[in-house]
Amino acid sequence: MEQQKRVYPAKRNHNRLASAVLLVASALIVASGLISRRDPGGFFLERVLPETPPPLEESFDETMTEALVELPANTWYALQVGAFENRETAMQSASAFQKRGAAGYLWQDGRYRVLAAAYHSQQDAQQVREQLRNQHNIDSYLYAIQFPAVSMRLTGMQGQIEILQAAFVHAGDLAAQLQALSVQMDRQEISAAEAVERLSALQTQIELVALRLRQRFDAPVHATVRALLNCFEDYSQFAAAFSAAESAVSMGMKLKYQLFVTLQRIQDVYDTLNHT
């Protein structure tokens, strides 16, 4: 029975509000702009603030334009339950936590860090950390996953700029929705069937954005576009394999794990912008 305990997070009256804030805050990661630099195909990036959502029709405006782009700094707070020099030892620890509904994700930055869950709010992360210590006797550490501010200029077709704007917003929203959904699953606020339905709807949106990215950027695509496509393709595979027949603990674990996969891919996007 011990392995069936869910450790994230306990019920709190303000959790619904916190989830809503997460959705908005994550969208702000990129709602203030686009990003990029010049590549061999003649494309590079900068800031755009459309008043209406970018159109996702197959046809698009091919007018050449410029835009100045700024992405604000953004931080997620992960609960680290272990840090190891040896990968095998880290994997054993990660597997043990996964059986209890934690992500058990290995994040590498010179060490193998076992991460259990991630939150966009430091306060939420700290409260769950205290819950783990007080109710489950699990020590954890707040590990900050930081996305630095980026500012640069973009030149390309209007339709390319618009779809990149949409892609950045969807990437941020994807992370926020995975986090919010994992909380609802842990608190048994939604059924397995409802979770699958929401993931499927999100998959449809993500795949449309990915399709338009491919259509509007000829190969070889800019590294930033490729990183965004990797993020969306990872999610599409995850959503397609997600099953309502699994236990609630397993489903909660996979949602938390996929959130870290998404954050890792978003970090890849930032890396392409900083090293282009």
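Modeller: Let us begin with one residue. Asp 186 counts as buried, at 9% relative accessibility. Please keep in mind throughout that this is a predicted model.

Colleague: With which residue does the side chain of Asp 186 meet in a salt bridge?

Modeller: The general idea is that side chains of opposite charge can pair when their charged atoms come close. Here the side chain of Asp 186 meets that of Lys 256 in a salt bridge, at 2.7 Å from N to O. Asp 186 belongs to helix H4 (residues 158–186) and Lys 256 to helix H7 (residues 248–275), so the pair ties together parts that are 70 residues apart in sequence. Lys 256 is buried as well, with a relative accessible area of 4%.

Colleague: How many salt bridges does a search of the whole structure find?

Modeller: The search finds nine salt bridges. One of them joins Glu 85 and Arg 111, whose closest N and O atoms are 3.1 Å apart. Glu 85 lies in the loop between strand S3 (74–84) and H2, while Arg 111 lies in the loop between strand S4 (105–108) and S5, so this pair ties together parts that are 26 residues apart in sequence.

Colleague: How should I read a pair of aromatic rings?

Modeller: Such a pair is described by the distance of the centres and the angle of the planes. In this structure the count comes to six aromatic pairs. One of them, formed by Tyr 235 and Phe 238, is tilted, with 5.9 Å from centre to centre and 50° between the planes. Both residues lie in helix H6 (residues 223–241), three residues apart, which is about one turn of the helix. Tyr 235 is buried with a relative accessible area of 0%, and Phe 238 is buried with 11%. Elsewhere, ring pairs link Tyr 105, Trp 107, Tyr 257 and Phe 260 into a cluster.

Colleague: What is the general idea behind a nonpolar core?

Modeller: In soluble globular proteins, nonpolar side chains tend to be buried together. The largest nonpolar core here has 57 residues, and those that touch the most other members are Ile 145, Leu 213, Leu 228, Phe 232, Tyr 235, Phe 260 and Leu 263. Helix H4 gives the most to this core, with 12 residues.

Colleague: Which residues does Leu 228 touch, not counting residues up to four places away in sequence?

Modeller: Leu 228 touches Leu 164, Ala 167, Phe 168, Ala 171, Leu 213 and Val 269. Another core, of 18 residues, lies apart from the largest one and has Tyr 77, Val 81, Ala 94 and Ala 117 among its members.

Colleague: Finally, where is His 120 found?

Modeller: His 120 is found in the loop between strand S5 (112–119) and helix H3 (122–136). With a relative accessible area of 14%, His 120 is buried. The side chain of His 120 also makes a polar contact with the side chain of Asn 74, at 2.6 Å.

Definitions and conventions
Residues numbered from 1 in each chain as written. Predicted model: local features only at pLDDT ≥ 70, side-chain atom pairs only at ≥ 80, totals over all residues. Heavy atoms only, no water. Helix = DSSP H or I, 4+ residues; strand = E, 2+ residues; numbered from the N terminus. Buried < 20%, exposed > 50% of the residue type's maximum accessible area, 1.4 Å probe, protein only. Polar contact = N/O pair within 3.5 Å; in protein donor to acceptor, adjacent residues only side chain to side chain. Phe/Tyr/Trp six-rings, centres within 6.5 Å; stacked < 30°, edge-to-face > 60°. Salt bridge = Lys/Arg side-chain N within 4 Å of Asp/Glu carboxyl O. Core = buried A, V, L, I, M, F, W, Y, C linked by side-chain atoms within 4.5 Å. Contact = heavy atoms within 4.5 Å.
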